[in-house]
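The following paragraphs lead the reader through a predicted model. Please examine the sequence and coordinates before reading on.

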Amino acid sequence: MDTQALQKLHDLLHQSTSNDTAQVKAATAQLNQEFYKQPLCIAGLAQIIGSSPEQAVRQLAAVELRKRVSQNSGNLWTLLDQSSRQEIKTQLPNLILSESNKLVRHSAARVIAAIASIEISNGTWNELLPFLQQTCQSPDVNHRDVGSFILFAVLESIVEGFQLNALYALFGQLVNDPESIEVRITTVRSLGVIAQYIEGEDKVALNAYRALLPSIFNVIGETVATGNESGARHLFDVLETLLILEIPILGKNIPELVEFLLRCGGDTSYEPDLRVLALNALNWTVQYKKSKVQSLDLASQILQGLMPITTEAEPEDIDDDAPSRSALRIIDGLATNLPPDQVFVPLRNLILEFFRSPEPSHRRGAMLALGVSVEGCSEFMTPLMDQIWPFIEAGLQDGDATVRKATCIAVSCLCEWLEEPCVAKHQILMPSIMALINDPVTQKSACTALDALLEILHEHIDQYLQLIMEQLAGLLQTAPLSVKAVVTGAIGSAAHASKERFIPYFQPTINVLASFLTLEGDGEETELRGITMDAIGTFAEAVGKENFRPYFPDMMAQAFNGLEMGRARLRECSFLFFGVMAQVFGEDFAPYLGQVVPALIESCKQLEQGEEQSAELIASAAQAFSSGASPTEPINVTELDANGNPSIELEDVDLEKMLDVNSAVAVEKEIAADTIGTLFAATKAHFLPYVEQCTLELIELLNHYYEGIRKSATDSLLQSVRTFYEIGEPTKWVAGRNVAVPLEKQVQDLIDHVLPPLLDMYETEDNKSVVSALCMGLAETINTVGPALLESKLETICELAIQILEQKALCQQDPDQDDDDIAPEYQAEYDSVLVSSAGDLVAAVANALGADFEPAFKKFYPLIAKYYKKNRSLSDRSSAIGCLAEIISGLKGAITPHTLPLAELFHKALEDEEAEVLSNAAFATGLLVENSDIDLSGQYLPILAALQPLFNVDDSSPSPRLNAKDNAAGAVARMIVRNVNALPLDRVLSIFINALPLKTDYLENRPVFRAIFHLFRVNGAALYPYTDRLLQVFAIALDPSAPDQVGDEIRAELIHLISAINVEEPAKIQAAGLAVFLPGA
């Protein structure tokens, strides 16, 4: 490039660093037009890096040179003549060594990386690596700084061509550099890059890398201790990389890592933001290395280190992070990822210790820790609640407001995950919470607790409804906006609990809430408007469509307005509202589909950072880096890329702002995807014009990075298959491997489009909740559609279930878990949910295939039965027996070859201490007696002896005990029908009939009534003493004001029996109120 052109290029670069936007745009346009399309600009920019007296110009020249070299896969660089390329390769490394400014050095280093990514792969820059090794070992610390950064930048661009194992000795020196923290930090960043290229079988590399881990931890600790936030963020990124890799780099160092992170996170002399980084890394360790944390029993140590951190103050803004919030997040992670006995036992002791402290902050921390642990330990906690309630009651009355607020949060969590124990305490909880609502200091937290309690209160709300509505209605007028939001949510929960009893409060309440739907501000106004939309949807469910119909058009209009306001939160709430309205109004919602469905599809299609958000980010980045606010560090970010869009450096982007945008949009898309399935199910054939497009969009979302979206897309796709099948009013399918009732072509086509991508998703799915949703959705769809769904995918679906039951699915693996490691028997409660969902899938396959499933059952039986062991969790034991029962129901007589091992297993289960297991064991025993061709009447007496304790309950007993009694009655009924003569009828009937009517499991009414019909036919005299009692049971079963308990077939036969009894005992029929069911009545 001649001198005149070089000077012009320099001047335009200088103009690009101006504060004047017009000058910058003009310079950028001229650079793009006159220089950046020509190979010679590369040589010119390289000269300017070495010659310009202006640091800002040298910096910009380096940035632009990297872009030109990389442009179009290096095309512009390769068009430059060979001698110029060689000159740049020779001179640029030395220019960087002599450069005084760090930013320029780093930008120029990235130029070398860009060149290296082209030249090294071609074998045309063999001098680079020796230069880097020499520079990195130079006695001059500045040279080591430059060399280590160039090496890092090159490794980021190209690893091929490097003998990585030969670099470990060099890295061992650099990571312990005695003079420069920058050298040490950069070296750890390089180690983060090469870790991604280590093969699991390369023991030499693994051992060499592991030897450096203590030094890596030391460097991370240095950055935290010295407040080096930029360095710490880079190095914690490296640590996260090491944690998520599928090679066992960190496995043997997990105890050391945990201790190090606890020390960094717990040291209050360090900067809070850096402590949060350390605690976040500890959270990753729990998530990604849970098998090591579990096998080494590290939970107790971690909890002891975290509890003091929970006592620290929290920021006012809920979106601000702090060490205390990070510590609670880790406790939540421990509870949901590890077996509850490893977590809640030590945590309970710590909670008790901290709650007895005279320091309010300790009591507050104890309550918050209790609250976050409930989700993952709810099953384990249930029998321990008598020990916990005294602390909850004391916390609600504590003299310190922060403790009372924390206790309200704990109550909210308990209500969400431990419904029955909380409902049983409503007479204690409700007055305490209402008192706290009267206190402005605790008002908001108390309303949140009230919301959660009302959600589960059901019929118990009657005694509180008037008081609640009077108090909350007052707060709607006087409270600040943030409190009005939680009050509105609580009113919605009151409507949910009270249902039609909410009608007297409906009109005055909706008239007040309607004003909130006109709010247009950000923040609290948006939140209140969104919660109001949710609450009004709940009102509609509570009062019914006819009562809500006058408000329906206006509320829909407000929901559409919310879509137009440009806020993801309001769009999310509008979508939820549309789903609720469709469920309430059914096919009456169909006229709105033309407006609603396009909005849902548009939401599903949007990018996480849409064009507007990208423009805002680019503008803010440009302002930060080109405004001259820091005149020594200007960076041009306004160049257009090949597509005409602004091009910016990734490091210049406000990633936190981008992630906030992404998170809100992702949740909106999750709700949109879920709503699609809801609308189809509610509006049925009216939705058909939209099925194809919606299906394509949902399939696309199966690959989304956010698990909530994948789960919603899975649910909606399978819901669509079920709905499409049902609206065709098909002939009932017949169980069997060969499809006796083919599907309609359109239904088969939809299945062929939906099923393959769902099963493909499973192969790479690492989230348990998504896989659980897939299993449960497949199970429900198979039970609906029948064997035709399995026709081409039977083996794949069975293999999916087998992998989960063997705990070998991808989502059940840890990177550090060896292939031959045996999966632990005691697992997290969330893991039990996944196994249970796989059991549901197996049972559905058995139901669809019927007797043809028997060969497969030989494979499945040991996989399922192993989950019934005394050391397994309640959920595992219960779901194992329940799954086997459902399989028997599907196989029917084909279960016969497996009768004896099943009978032995069920007998053990009838000795279990948990009512939930006993209930399933009674159900399974009855089904086995009913279906097996082997006569089990010889075992009736021991079976009856095992069932007898299940009948010893009263109406106030917990729901699981009542359910167990109902299933015991069903088992006895099946035994009666199978062989009444083998029973000691005189003793059995008294217990059996006194157990009626059933209280919870109405499906068991069918075998119960079949047994009664059978006895009337074969031994009516035995029932005569119980006639009055049975007529009362009949009246309850036939009550037209109650939900159906028996089904049409049993109802018809029961009415026939009543007619027969009326011939002999008309007065008794009249007295029991059954005369209305007699023919001609």
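Asp522 has a relative accessible area of 60% and is therefore exposed, the threshold for that class being over 50%. Its salt-bridge partner is Arg567, with the closest N and O atoms 2.9 Å apart. The two residues connect distant parts of the chain, 45 residues apart: Asp522 occupies the loop between α27 (503-513) and α28 (524-543), and Arg567 the loop between α30 (552-563) and α31 (568-585). Arg567, at a relative accessible area of 19%, is buried.

A second pair also links distant parts of the chain, with Arg549 in the loop between α29 (545-548) and α30 and Asp588 in the loop between α31 and α32 (593-605), 39 residues apart. Their side chains form a salt bridge with an N to O distance of 3.3 Å. Both count as partly exposed, Arg549 at 29% and Asp588 at 37%. Lys545 and Glu546 join Arg549 and Asp588 in a network of salt bridges.

Within helix α4 (residues 55-79), Arg68 and Glu64 lie 4 residues apart, about one turn of the helix. Their salt bridge spans 2.6 Å from N to O. Arg68 is buried at 3% relative accessibility, and Glu64 is buried at 1%. The whole structure contains 48 salt bridges.

UniProt, in an unreviewed entry, places the feature "domain: Importin N-terminal" at residues 27-98. That segment is 86% helix and 0% strand. Separately, the chain is divided into domain 1 (462-546) and domain 2 (973-1080), whose centres over C-alpha atoms are separated by 45 Å.

As for confidence, the average pLDDT of the chain is 90, and 94% of the residues score at least 70. Over residues 610-661, however, the pLDDT is below 50.

How values were computed. Residues are numbered from 1 along each chain as its sequence is written. This is a predicted model: local features need pLDDT of at least 70, side-chain atom pairs count only at pLDDT 80 or more; totals for chains, interfaces and linings use all residues. Side-chain values use heavy atoms; hydrogens and water are left out. pLDDT is the predictor's confidence in each residue, from 0 to 100. Contact means heavy atoms within 4.5 Å. UniProt positions are given in the numbering used here, feature names are shortened, and annotations may be inferred rather than shown by experiment. Domain bounds come from an automatic or database domain assignment. A salt bridge is a side-chain nitrogen of Lys or Arg within 4 Å of a carboxyl oxygen of Asp or Glu. Buried means under 20% relative accessible area, exposed over 50%, partly exposed in between (1.4 Å probe, protein chains only).
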